[in-house]
Structures are given as structure tokens and as C-alpha cells.
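Biologist: I am new to this structure. Please show me how to read it.

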Amino acid sequence: MFGIGQPELLIVGLVALLLFGNKLPSVARSFGKSLTEFKKGMSGVTDEFHSAMHDADRASIDYDRVRDDYNEPKAPKFVPPTSPPVESP
């Protein structure tokens with residue numbers, strides 16, 4: 001986890017216990033709530049971004065106009081030769 005080993009986590013935990021003492025559960029609870037709110041906010045931003053991109057894609061294409069204006073390209077019709085081939089010298 002972030003390159004931190006078990007001894008380092010133990011030291012950080014002891015320092016937190018010394019600094020916060022019996023307030024540690026409330027601090028951890030508030031940290032968890034703020035982290036949850038941050039994740040909800042980020043999820044909302046990404047959802048808005050994806051929906052805006054989807055709406056922009058749908059708005060940029062007018063499907064009725066594309067279907068009505070489409071003319072299938074036509075190739076020239078094949079006409080077989082009427083005379084036999086002539087050899088060139």
C-alpha cells in the first residue's frame with residue numbers, strides 16, 4: 001500500500017493514537033464521511049461528463065437528414081465489347 005510496510009503503519013498508528021487519544025474514533029469517522037462525499041462528488045462529475053458527451057454525439061447527427069439526403073453512388077454499367085480483341089504488334 002503506497003510502498004509503506006507494516007512497521008511504518010504501526011508507527012503511524014501509534015503516533016495517531018498519541019495525538020488524538022480517545023478522539024480517534026470520531027476523527028476516523030469524519031475522515032470516512034469526507035472520503036465518501038469526495039467519491040460521490042467525483043462520481044457525479046464523471047456521470048455528468050459522460051452524459052454530456054453522449055448528448056453531444058446524438059445532437060451532432062441529424063439521423064433524418066442523413067437518411068433523406070443519402071444517394072447511393074452508382075457505378076457505370078458494364079457493356080461487353082462488340083468486336084473481337086485486336087492484337088497489337
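**Reading the model**

Modeller: Start with one contact. The backbone oxygen of Lys 23 lies 2.8 Å from a polar atom of the Ser 26 side chain. A polar contact is a pair of N or O atoms within 3.5 Å; within protein, one must be able to donate a hydrogen and the other to accept it, and residues adjacent in sequence count only if both atoms are side-chain atoms. Ser 26 itself lies in helix H2 (residues 24-60).

Biologist: Is Ser 26 buried or exposed, or in between?

Modeller: Buried means under 20% relative accessible area, exposed over 50%, partly exposed in between (1.4 Å probe, protein chains only). Ser 26 is partly exposed, at 38%. Of the 89 residues of the protein, 1% count as buried.

Biologist: What should I know about the source?

Modeller: This is a predicted model: local features need pLDDT of at least 70, side-chain atom pairs count only at pLDDT 80 or more, and totals for chains, interfaces and linings use all residues. Residues are numbered from 1 along each chain as its sequence is written, and side-chain values use heavy atoms, with hydrogens and water left out.

Biologist: How do I read pLDDT?

Modeller: pLDDT is the predictor's confidence in each residue, from 0 to 100. The protein averages 81.

Biologist: How do I check the span of H1?

Modeller: The expected span is 1.5 Å times one less than the number of residues. H1 (residues 6-20) has 15 residues and reaches 21 Å from first C-alpha to last, close to the 21 Å expected. Just after H1, Gly 21 takes a positive phi of about 55°.

Biologist: Where is Ile 11?

Modeller: Ile 11 sits in helix H1. Ile 11 counts as exposed, at 53% relative accessibility.

Terms used
Helices (H or I, at least four residues) and strands (E, at least two) are DSSP runs, numbered from the N terminus.
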